[in-house]
Amino acid sequence: MRIMLLSGLIGLCSFAYGQTLIRTYYDEFPSIKKEEYHILNGDSSQVDGEYKMFSPSGKVITTGTFEKGLKQGTFTNYYEDGSIQRET
């Protein structure tokens, strides 16, 4: 049982270590977040996990998921009021 628990913790740490959180900001508003996502192993072409894009007012305008650099599932664009603009 201890070996299984230890193996699970090592695996979890390896997974977490391989991802780097990336935040970009608007040039004209450097304190306002533009995008937030994770990359694998320091490789910017390997976006992995949840992706969010924000408007200059701070509202979420795009959400989706990547897996090893490839889009997975549905990406949703939102209007400023939070209603869905489109899903692709």
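Analyst: Start with accessibility. Buried means under 20% relative accessible area, exposed means over 50%, and partly exposed lies in between, with a 1.4 Å probe and protein chains only. This is a predicted model: local features need pLDDT of at least 70, side-chain atom pairs count only at pLDDT 80 or more, and totals for chains, interfaces and linings use all residues. Residues are numbered from 1 along each chain as its sequence is written, and side-chain values use heavy atoms, with hydrogens and water left out.

User: Why is Asn-41 called exposed?

Analyst: Its relative accessibility is 69%. The cut-off for exposed is over 50%. Therefore Asn-41 counts as exposed.

User: Where is Asn-41 placed?

Analyst: Asn-41 is in the loop between β2 (33-40) and β3 (43-47). Strands here are DSSP runs of E with at least two residues, helices are runs of H or I with at least four, and both are numbered from the N terminus. Asn-41 also has a positive phi, near 50 degrees, and is a residue other than glycine.

User: What makes Lys-68 exposed?

Analyst: Lys-68 has a relative accessible area of 56%. That value is set against the limit of over 50%, so Lys-68 is exposed. Lys-68 is in the loop between β5 and β6. Its phi is positive, about 50 degrees, although Lys-68 is not a glycine.

User: How do you know that β5 and β6 pair?

Analyst: Two strands pair if DSSP finds at least two bridges between them. Five bridges join β5 to β6 (residues 70-78). Five meets the cut-off, so the two strands pair. They run antiparallel. Glu-67 has Leu-70 in β6 as its bridge partner. The hairpin of β5 and β6 has two residues between the strands.

User: What makes β4 and β5 a pair?

Analyst: Six bridges join β4 (residues 49-54) to β5 (residues 60-67). At least two are needed, so β4 and β5 pair. These strands are antiparallel as well. Met-53 has Thr-62 in β5 as its bridge partner. The two strands form a hairpin with five residues between them. In that turn, Gly-58 has a positive phi of about 95 degrees.

User: How many bridges join β6 to β7?

Analyst: Three bridges join β6 to β7 (residues 84-87), and the strands run antiparallel. Tyr-78 stands opposite Ile-84 in β7.

User: Why is the contact of Arg-23 and Glu-36 called a salt bridge?

Analyst: A salt bridge is a side-chain nitrogen of Lys or Arg within 4 Å of a carboxyl oxygen of Asp or Glu. For Arg-23 and Glu-36 the N to O value is 2.7 Å. That is within the limit, so the contact is a salt bridge. The pair links distant parts of the chain, 13 residues apart: Arg-23 in β1 (residues 19-25) and Glu-36 in β2.

User: Is Glu-36 buried or exposed?

Analyst: Glu-36 is at 19% relative accessibility. Under 20% is the rule, so Glu-36 counts as buried. Arg-23, at 43%, counts as partly exposed.

User: Which residues are linked in a network of salt bridges?

Analyst: Arg-23, Lys-33 and Glu-36 are. Lys-33 forms a salt bridge with Glu-36, with the closest N and O atoms 3.0 Å apart.

User: What makes Lys-52 and Glu-50 a salt bridge?

Analyst: Their closest N and O atoms are 3.8 Å apart. The limit is within 4 Å, so the pair qualifies. The structure holds three salt bridges.
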